[in-house]
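Subject: Structure handover

Hello,

Here is the structure I promised to pass on. Please open it beside this note. My findings follow below.

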Amino acid sequence: MTASANWNEGGLKLIGGQLFEPGKGLISNPGLLVRNGRIEAVGEQAQAAASAATLDADGQVIAPGFIDLCCNLREPGNGQKGNIASETRAAAHGGFTTVCASPETSPVNDSGAVTNLILDSVASRGVVRVLPIGAITRGLDGDMLSDMAGLKAAGCVAVGNGSRGVRNARILRRCMAYAQTFGLTVMFSPENTALAADGYAHDGQVTTRLGLLGIPEVAETAAVMEMLLLAEETGVRLHLSQLSCARSVEMLAQARDRGVKVTADVAMHQLAFTESALAGFDSRFHVRPPLRGEADRQALVAGVQDGVIDAIVSQHQPHDSAAKQAPLPATEPGLSSIESVLSLGLELVQNHELELPDLLRALTAGPAAVLGREVALTAGAAADLCLFDPDGHWQPSTATLLSAGRHAPVLDRALPGEVKLTLVAGRTAWQAPGTPL
Amino acid sequence: MTANDPSPNHLQLTRDGQLRHFLTLDGLSQPLLTDILDTADSFIEVGERSIKKVPLLRGRTVVNLFFESSTRTRSTFELAAKRLSADVLNLDISTSATSKGESLSDTLLNLEAMASDMFVVRHSQSGAPHFIAESVTPGVAIINAGDGRHAHPTQAMLDMLTIRQHKGRFDGLKVAIVGDVLHSRVARSQIRALNVLGAEEVRVIAPGTLLPRDVEDLGCTVEYDMARGMKDLDVVIMLRLQKERMEGALLPSEREFYRLYGLNQEKLGLAKPDCIVMHPGPINRGVEIESAVADGPQSVILNQVTNGIAIRMAVMSMAMGGQMAERQQRQQEQQEGRA
């Protein structure tokens with residue numbers, strides 16, 4: 001792999017294949033020229049231009065680089081689980097060029113100083129763009145406001161609660177009002193702490209049979225309703241992160257119809273798996289929010305298809321092996337997922353559950369809009385893109401995964417969708433072995 | 001795989017369908033459960049001899065690995081292993097290694113270094129025996145002695161043995177399980193066993209706060225009213241109620257629970273005249289059951305304890321047999337590979 005290849009001087013030309021242009025869908029690609037960190041030209045003009053290198057993209061898809069609104073890089077403080085170097089490489093391998101870093105680090109990202117620490121580390125060791133999310137309360141304890149103005153000035157693009165529940169509606173209301181002051185989006189993973197209690201799996205058939213402690217759907221839906229009402233009242237821009245229930249999608253759509261400024265995302269594993277993944281006590285699928293029933297899964301997929309859910313996220317949570325080597329209730333939640341997001345999405349496309357343009361929109365323009373940005377494969381745009389072979393297969397394994405976390409959702413079979421090349425500002429962040437460059 | 005497909009069998013059965021671990025009743029067939037009951041029947045006779053030993057596990061080391069304390073279950077497993085001539089090591093882990101911060105994986109590695117042949121595991125977390133069975137080296141049998149709220153398969157099988165002794169059959173039987181089903185690993189295993197063995201109806205009788213979500217999916221009907229639930233019963237199984245259930249707002253008081261769901265002679269009179277009364281123990285007199293019923297002629301609670309030893313002997317010897325058969329098969333395959 002030539003991780004440092006820089007196409008900013010001689011230029012790189014991609015010829016053939018299909019371009020995913022948000023708003024237009026998949027269109028054929030006569031040529032796309034990358035130079036000086038930007039897309040210099042597209043179409044016939046690019047085809048005719050001279051460049052130092054040319055890649056034949058026949059049969060492949062060229063898309064704007066994927067944007068992940070929910071990713072854990074584990075730095076600072078949890079180096080045994082992952083770090084900015086390992087997890088941004090994993091992101092690039094998954095086709096992502098921008099990831100939003102969860103505030104759940106150690107220390108928690110609740111001040112400009114921690115944000116600066118993260119961004120310094122990214123500048124020296126990261127291979128994709130990292131946009132930190134600040135903690136909405138100090139230490140994510142849910143008691144005191146964080147220094148939101150300081151977080152914003154240091155580069156945080158939003159404030160959120162990570163995966164912690166919010167116990168107190170009065171504090172939540174004040175958090176929203178304070179964030180609104182600075183035009184910060186609040187990203188909430190909705191969970192009512194009292195209703196979730198000690199649970200760690202969907203309260204349903206599988207928990208009943210296996211005797212696991214359930215988190216009822218209402219732990220999410222009650223929190224969604226509360227947050228929607230509070231957002232409506234405070235006028236803050238609300239982003240609901242990691243939805244898991246059909247009812248949440250329904251309430252989200254209704255709130256939008258009422259004109260509430262709300263967006264939402266769902267983790268890819270919620271679209272691909274259900275509670276039955278836990279049937280053999282498989283602790284990899286101990287995730288939070290938990291994997292729910294088939295009807296929920298279908299409603300979430302439909303939500304992405306309809307655009308009610310704006311973005312698909314990885315909710316990448318790398319762990320050291322000890323965190324998953326225990327009886328299921330004693331393990332830590334989370335999948336090492338960022339390298340499998342595209343592949344699992346392509347399986348949904350193969351199963352005719354999702355259209356490819358809708359999948360790609362939810363990985364590119366959808367999350368970009370949540371952040372108030374735009375993405376495009378047009379002349380002048382930043383050269384953040386990925387090139388993948390939708391029909392090429394790869395086998396996730398300890399040999400192929402770049403994340404420090406090895407608990408990927410699929411390890412026992414080959415998956416469709418091999419990412420061949422990921423460029424961030426015209427630099428190669430990932431290049432598959434054997435890609436002729 | 002669907003949510004209803006209980007398939008831990010790749011773990012607990014050999015390729016030939018013999019038991020090699022005993023983790024749950026999910027996925028075990030009626031012939032296999034009947035085989036366990038028949039084997040246990042043959043061991044009951046051993047307990048009646050003056051020299052109560054058979055040499056099936058001679059030279060084998062059985063480790064009782066109790067991460068949660070239990071006097072009755074541990075002592076019947078210990079007696080069962082000793083009657084099979086095994087060497088027995090009792091480890092009360094709840095107070096030692098794990099409280100010093102050692103992980104379960106590390107505890108297991110240390111125990112395996114002692115060359116044990118079988119672990120009998122009691123753990124407060126659902127799925128712990130599955131995890132152990134997946135982690136141990138091949139050749140070591142894992143017997144589930146109760147895990148979290150998940151399963152207590154030997155308890156359920158000794159209950160089935162007790163029912164068969166008194167009723168002679170399962171088909172046509174109406175059985176009720178009364179009380180705290182939500183927290184009960186025993187109830188989950190009993191419902192499974194009764195369904196597989198062909199009971200006509202399994203009812204659970206409890207208030208809504210003590211029932212898991214969609215409990216009917218396990219193969220039972222739900223009855224909130226005990227008087228209605230007792231009607232036509234052949235067997236009534238009372239579950240133990242933990243005192244801490246009042247604290248989590250699951251029940252208002254022991255008194256109200258006893259008034260509504262405690263078994264007294266009046267309520268028992270609503271069942272069939274030959275209805276038997278069971279309880280996995282230890283019983284709370286005056287909370288789940290009246291003393292006159294617990295000690296009365298329809299109570300078979302002490303038979304359950306005696307049968308516990310026979311069932312545990314059966315399961316231990318069958319699992320060890322499965323492990324031996326598998327070991328021979330492995331050796332044979334290795335030899336063939338060399339030849």
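Which handedness does the crossing of α8(A) and α9(A) have? The crossing of these two helices is right-handed. Before the rest, one caution: this is a predicted model.

**Chain A: α8 and α9**

Helix α8 of chain A covers residues 217-234, and helix α9 of chain A covers residues 246-257. Their axes come within 9 Å and cross at roughly 10°. Angles under 35 degrees count as roughly parallel, so α8(A) is roughly parallel to α9(A). On the α8(A) side, the residues that meet α9(A) are Glu217(A), Glu220(A), Thr221(A), Val224(A), Met225(A) and Leu228(A). Facing them in α9(A) are Arg247(A), Ser248(A), Met251(A) and Ala255(A). By class, this contact has five nonpolar, two polar and three charged residues.

**Chain B: α3 and α12**

Now to chain B. Helix α3(B) spans residues 71-83, and helix α12(B) spans residues 301-338. Their axes come within 8 Å and cross at roughly 55°. The two helices are therefore oblique to each other. Their crossing is right-handed. From α3(B), the contact uses Thr76(B), Phe77(B), Leu79(B), Ala80(B), Ala81(B) and Arg83(B). From α12(B), the contact uses Gly308(B), Ile309(B), Arg312(B), Met313(B) and Met316(B). Seven of the contact residues are nonpolar, two are polar and two are charged.

**Chain B: two domains**

In the contact between them, 27 residues of domain 1 of chain B touch 24 residues of domain 2 of chain B. On the domain 1 side, α2 (30-48), β4 (141-147) and α12 of chain B each give two or more residues.

**Where the chains meet**

The contact between the chains takes 29 residues from chain B and 22 residues from chain A. On the chain B side, α4 (104-112), α5 (128-135) and α7 (185-197) each supply at least two residues. Which of these elements gives the largest share? It is α5(B), with three residues. The chain B side has 11 nonpolar, 11 polar and seven charged residues.

Best wishes

Notes
Residues are numbered from 1 along each chain as its sequence is written. Chains are lettered from A and ligands numbered from 1 in the order in which they are written. This is a predicted model: local features need pLDDT of at least 70, side-chain atom pairs count only at pLDDT 80 or more; totals for chains, interfaces and linings use all residues. Axes are lines fitted to C-alpha atoms, for helices over the stretch in contact, and angles run from 0 to 180 degrees between N-to-C directions. Helices (H or I, at least four residues) and strands (E, at least two) are DSSP runs, numbered from the N terminus. Angles under 35 degrees count as roughly parallel, over 145 as roughly antiparallel, 65 to 115 as roughly perpendicular and the rest as oblique. A crossing is left-handed if the near helix is turned anticlockwise from the far one by less than a right angle, and right-handed if clockwise. Two residues are in contact if their C-beta atoms, placed from the backbone, lie within 7 Å. Ala, Val, Leu, Ile, Met, Phe, Trp, Tyr, Cys and Pro count as nonpolar, Asp, Glu, Lys and Arg as charged, and the others, Gly among them, as polar.
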